[in-house]
2 protein chains.
Amino acid sequence: MIRHIVLFTWTEAATAEQKAAVTAELGKLPGLIPELRAYTVGEDAGINQGNHEYAVVADFDSVDDYLVYRDHPDHQKVIADTIRPILASRAAVQLSL
Amino acid sequence: MIRHIVLFTWTEAATAEQKAAVTAELGKLPGLIPELRAYTVGEDAGINQGNHEYAVVADFDSVDDYLVYRDHPDHQKVIADTIRPILASRAAVQLSL
């Protein structure tokens, strides 16, 4: 299994509406990209100080399936139209499990 | 469910032995902290450039169970003795799912 993990921080100018759109748009991807085996996305729960603001954890059966997701035009469109305009920083890891 | 996610980068001086010790020591925690429902840890798979170097994804039934893990002396000892000496940067999110 490949577990893809990415954490974001948003720009100070990002609005609540723009942030909510990230979850709305990413939430459409499991219906569009069947290679996604499990997909958890959302805003930080606010338990700790100093956290990043958003997380995506996506599970795939194989590296090839992960690459389908990474490069999928519907995914790339969410990145370009919804994430990148409010993105301040990004941290990612892929785990091979 | 609470999903705790943390990504690390290591110092340039960190040795392969020190990095391997992180997985060895974290791997003991599920046997010591029964609140841990699922625990995936490991080094980045090397698929993409610019990634962080290490990831921890830990699942709990509740915020209280996550706090038991966060503050558990065996967990704090791994952080102090094994992670902090080679830690360059850390990014974390807790998701409420």
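Predicted model: local features only at pLDDT ≥ 70, side-chain atom pairs only at ≥ 80, totals over all residues.
1. **The annotated stretch.** The UniProt record, in an unreviewed entry, places the feature "domain: Stress-response A/B barrel" at residues 2-95 of chain A. Over those residues the chain is 37% helix and 33% strand.

2. **How the two chains are related.** In general, two copies of a chain are related by a rotation about an axis and a shift along it. For this model, chain A is superposed on chain B by a rotation of 180 degrees, with 0.0 Å of shift along the axis and an RMSD of 0.0 Å. That is the relation of a two-fold axis.

3. **Where the copies meet.** Which surface does each copy use? Of the interface residues of chain A, 100% are also interface residues in chain B, so the copies meet through the same surface.

4. **The sheet in chain B.** Strands of a sheet pair through backbone hydrogen bonds, either parallel or antiparallel. In chain B, 4 strands form an open sheet in the order 2-3-1-4, and the pairing is antiparallel. Strand 2 (38-43) and strand 4 (87-96) of chain B are the edge strands, as each pairs on one side only. From one strand to the next, the twist averages 10 degrees.

5. Let us zoom in on one pair. Strand 2 of chain B pairs with strand 3 (residues 54-60) of chain B in the antiparallel sense, over 6 bridges. B:Val41 has B:Val56, in strand 3 of chain B, as its bridge partner. Helix 1 (residues 16-26) of chain B packs on this sheet and touches strand 1 (2-10), strand 2 and strand 3 of chain B. The direction of helix 1 makes about 170 degrees with that of strand 2 of chain B.

6. **Helices 1 and 4 of chain A.** Two packed helices are described by the angle between their axes and the distance between the axes. Helix 1 (residues 16-26) of chain A packs with helix 4 of chain A at an angle of about 170 degrees, and their axes are 10 Å apart. Angles over 145 degrees count as roughly antiparallel, and these two helices of chain A are therefore roughly antiparallel to each other. Helix 1 of chain A contributes A:Gln18, A:Ala21, A:Val22, A:Glu25 and A:Leu26 to the contact, while helix 4 of chain A contributes A:Val78, A:Thr82 and A:Ile83. By class, the residues of this contact are 5 nonpolar, 2 polar and 1 charged.

7. **Helices 3 and 4 of chain A.** How do these two helices pack? Helix 3 (residues 63-71) and helix 4 (residues 73-83) of chain A make an angle of about 50 degrees, with their axes 5 Å apart. That makes helix 3 of chain A oblique to helix 4 of chain A. On the helix 3 side, A:Tyr69, A:Arg70 and A:Asp71 meet A:Pro73, A:His75 and A:Gln76 of helix 4. The residues of this contact divide into 2 nonpolar, 2 polar and 2 charged.

Conventions: Residues numbered from 1 in each chain as written. Chains lettered and ligands numbered in written order. Heavy atoms only, no water. Axes fitted to C-alpha atoms, helices over the stretch in contact; angles between N-to-C directions. Parallel < 35°, antiparallel > 145°, perpendicular 65-115°, else oblique. Contact = heavy atoms within 4.5 Å. Nonpolar A, V, L, I, M, F, W, Y, C, P; charged D, E, K, R; others polar. UniProt positions renumbered as here; feature names shortened; annotations may be inferred. Least-squares fit on C-alpha atoms with pLDDT ≥ 70 in both. Pairing = 2+ DSSP bridges.
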